[in-house]
Amino acid sequence: MGKKRIITWIEQTMEGRGEPMTSNEIMKIISDKHPKHSPSTQEISQRLTRNKQFVRMGYIRKKALWGLGGANE
């Protein structure tokens, strides 16, 4: 799966919400929108950790909470 497409889907998912999300929440929303082409949890987690625009906001029950970070933050 193309990484730019996954990153775009993650951005669109996170822009609609004002609060941080776990990778499982992001995965569920993306798989509901794109059932035939949904990425795996591992692909989403890799994009979140490797891309600098996604910021780890904290943890809840040993799961990382992710949010969008601005270029000036």
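Visitor: What percentage of the 73 residues in the protein chain is made up of buried residues?

Guide: In this predicted model, buried residues account for 33% of the 73 residues. The word buried is applied to a residue with under 20% relative accessible area.

Visitor: Which elements does the protein chain have, and in what order do they run from the N terminus?

Guide: The chain has three helices and two strands, arranged α-α-α-β-β from the N terminus on.

Visitor: Why is α1 called roughly perpendicular to α3?

Guide: The axes of helix α1 (residues 3-15) and helix α3 (residues 41-50) come within 10 Å and cross at roughly 80°. Angles of 65 to 115 degrees count as roughly perpendicular, and therefore α1 is described as roughly perpendicular to α3.

Visitor: What radius of gyration would a compact globule with 73 residues have, and what does the protein chain have?

Guide: A compact globule with 73 residues would have a radius near 11 Å; the protein chain has 11 Å, so the value agrees with the globule rule. Along the principal axes, the C-alpha atoms fill a box of roughly 35 × 30 × 20 Å.

Visitor: How much of the accessible surface belongs to carbon and sulfur atoms?

Guide: Of about 5100 Å² of accessible surface, 48% belongs to carbon and sulfur atoms.

Terms used:
Residues are numbered from 1 along each chain as its sequence is written. This is a predicted model: local features need pLDDT of at least 70, side-chain atom pairs count only at pLDDT 80 or more; totals for chains, interfaces and linings use all residues. Side-chain values use heavy atoms; hydrogens and water are left out. Axes are lines fitted to C-alpha atoms, for helices over the stretch in contact, and angles run from 0 to 180 degrees between N-to-C directions. Helices (H or I, at least four residues) and strands (E, at least two) are DSSP runs, numbered from the N terminus. Angles under 35 degrees count as roughly parallel, over 145 as roughly antiparallel, 65 to 115 as roughly perpendicular and the rest as oblique. The radius of gyration is taken over C-alpha atoms; the globule rule is 2.2 Å times the number of residues to the power 0.38. Buried means under 20% relative accessible area, exposed over 50%, partly exposed in between (1.4 Å probe, protein chains only). Accessible areas come from the Shrake-Rupley method with a 1.4 Å probe; for residues, only the protein chains shown count as cover.
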